[in-house]
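Colleague: Could you take a close look at the aromatic rings in this model, and walk me through how they are arranged?

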Amino acid sequence: MIPQSFIQDLLNRVDIVEVVGNHVQLKKAGANLLGLCPFHTEKSPSFTVSPVKQFYHCFGCGRNGSAITFLMEHSGLSFVEAVEELAGSVGMTVPEDETRIPPGERAKKQAKTLALTEVMTQASRFYRQQLKKAPEAIDYLKKRGVTGEIALRFGLGYAPEARDSLKNGFEDYRASELEEAGLVIEKQGDEAFHTSSKRYDRFRDRIMFPIRNTRGQVIGFGGRILEKGEPKYLNSPETPLFQKGNELYGLFEARQAIRESGYVLVVEGYMDVVALAQLGFPQAVATLGTACTPVQVQKLMRQTDSVIFSFDGDAAGRGAARRALEASLPLVSDTKGVGFLFLPPEHDPDSYVREFGPEAFDALVKKAMPLSEFLLEEIVGDNNLNTLEGRARAQHTAKSLCASLTPSALRLQILRRLAQITQTPDGELKTFLGFSKPVVQTRRIQARAPRPPVVGLERQVLRLLMMFPRFGEELSPDDIDTIKGFSPDQGELLMAILNAYGVMGEQANLAALVEHLRLDGVDCEQLVQETVGQEFEAEPALLELKGAVRQIKLRVLSSELEKLFSSSLTTEEKNRRYYELKQQQETLQKEMNAENLRQ
């Protein structure tokens, strides 16, 4: 786990204007910079970057965050990848848990990763050069409608037929990194027969598709055979750089198109991705010959709110779709959707577009089956819902699938529809699926009081503390207790902010504070939305904070005075308490008057 202190230090060294400016054209607009939002399509700029707050915010779509969040949202990096990229840009080294990886071993690991990355880059360059000398490979790509421009964009290459052609691409063909990167295979010799080990290329006589990570580095290859043969596609093995279940082919190349189109299309083959890019669908990516995984779905959902899986309509396609459904269930929400597009068995996406045209394929994409519909289809299956047994089997299937759904309005709608088709009351179905406990008492339970509305003054204090975390030092224990009692959440968010500042210290700013709260799982999004549009100078902001605290205290005192005479205190006790409260009111009022005169 990366220490919070390191993240804070990193955000204090990184300039968010430079980070965002590498991807978005920004223009000066007062104290901030303004540009077109990279997360949704707009004609008038509503995306602002604050150099003071080190924070970005879009008033159109609501996206906001620090430099770390921007790289995660824009480039699809994980939190750790975003931190590593920013750290590298300012010459910092990301620390790791010292109890897990000693410094010497960590340095070795970093050196090994760098060496493997260089080997893969060199191999990719070699394969591209070989493609220029391979007329049969060029003819194959031309027959598939691949232009030179698309081949260059995806870095397509060719692995020659010779057993050891990579000797021509590397000075040391015996280097261990070639085997570790999965480029060559080492066949061990047999001492009994006095045979020595032999090394040969893994990829031979194949069109080569470089697999890039979200930073654009080549981490693996997919090779397609030119003529008939098995396997049709051959992937790099699992290596320190490459894990099939974590990567998607074409994601690096498709990122911008995904944002512009508003969805990502997941297909089954490398050639489908390349061909679709050629035919006007550059937002396509492919899984790497394995079942879709939750990691891959999560990666896609960092790029867009809509993921469309395209499969053949045959049994194998339905099976692949079922596995994609299971991987997606824990990640769908009211704002993140998944759809399923089933093509006729005789077509793949490439052939369908070529026969019927881009408009026809686009229409199919728009009519893709929603996840909820496909889920219910899978639950029902071949069961006869006119029988008790059929409905029971459907509910049994639903128990394993629906358990992955997170609480949301979508889950509520799915369960409601499932209750209808299995002819089961909502409450009984939820109990069976494990979403609610059975009712064991019959007496009427008094309804829980609704949460009180947000109090303006308390929210004002929280906004000011978000903008200026160091103002927490200005609050006395009595101030904090009063605000907590006045808050709808009993000061839960207030204490989260103050505790975060206590950990972060004097260098805390809005960007670092928000990252800290988000990592701790604190729900602060609404407060962030309220805060990012505010502009304050420190001195008047501090006066406003003190004024808001006084107003809260005055309201608390007034409330206590109102309740005083209906209390069970004796007359003497009431009188004594009354004068105490009035004195406190007068003191606060004098402080406010003096403050107003100074202004």
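Modeller: I would begin with Phe309 and Phe340, since Phe309 is buried and Phe340 is buried as well; please keep in mind throughout that this is a predicted model. The ring centres of Phe309 and Phe340 are 5.6 Å apart and their planes meet at 20 degrees, so this pair counts as stacked, given that planes under 30 degrees apart fall in that class. Phe309 belongs to strand S14, residues 306–312, while Phe340 belongs to strand S15, residues 337–343, so the contact ties together parts that are 31 residues apart in sequence.

Strand S15 also holds Phe342, whose partner Phe374 sits in helix H15, residues 371–380, so that pair links distant parts of the chain, 32 residues apart. For Phe342 and Phe374 the ring centres are 5.6 Å apart and the planes stand at 55 degrees, so the pair is tilted. Phe374 is buried, its relative accessible area being 0%.

Turning to the rest of the structure, which holds 22 aromatic pairs, one finds a cluster in which Phe154, Phe209, Tyr233, Tyr249 and Tyr270 are linked by ring pairs. Aromatic rings also have charged residues over their faces: Lys399 lies over the face of Phe432, at 4.7 Å from the ring centre, and Arg411 lies over the face of Phe435, at 4.0 Å from the ring centre.

How values were computed. Residues are numbered from 1 along each chain as its sequence is written. This is a predicted model: local features need pLDDT of at least 70, side-chain atom pairs count only at pLDDT 80 or more; totals for chains, interfaces and linings use all residues. Side-chain values use heavy atoms; hydrogens and water are left out. Rings of Phe, Tyr and Trp (its six-membered ring) pair if their centres lie within 6.5 Å; planes under 30 degrees apart count as stacked, over 60 as edge-to-face and the rest as tilted. Helices (H or I, at least four residues) and strands (E, at least two) are DSSP runs, numbered from the N terminus. Buried means under 20% relative accessible area, exposed over 50%, partly exposed in between (1.4 Å probe, protein chains only). A charge sits over a ring if NZ of Lys or CZ of Arg is within 6 Å of the ring centre and within 35 degrees of the ring normal.
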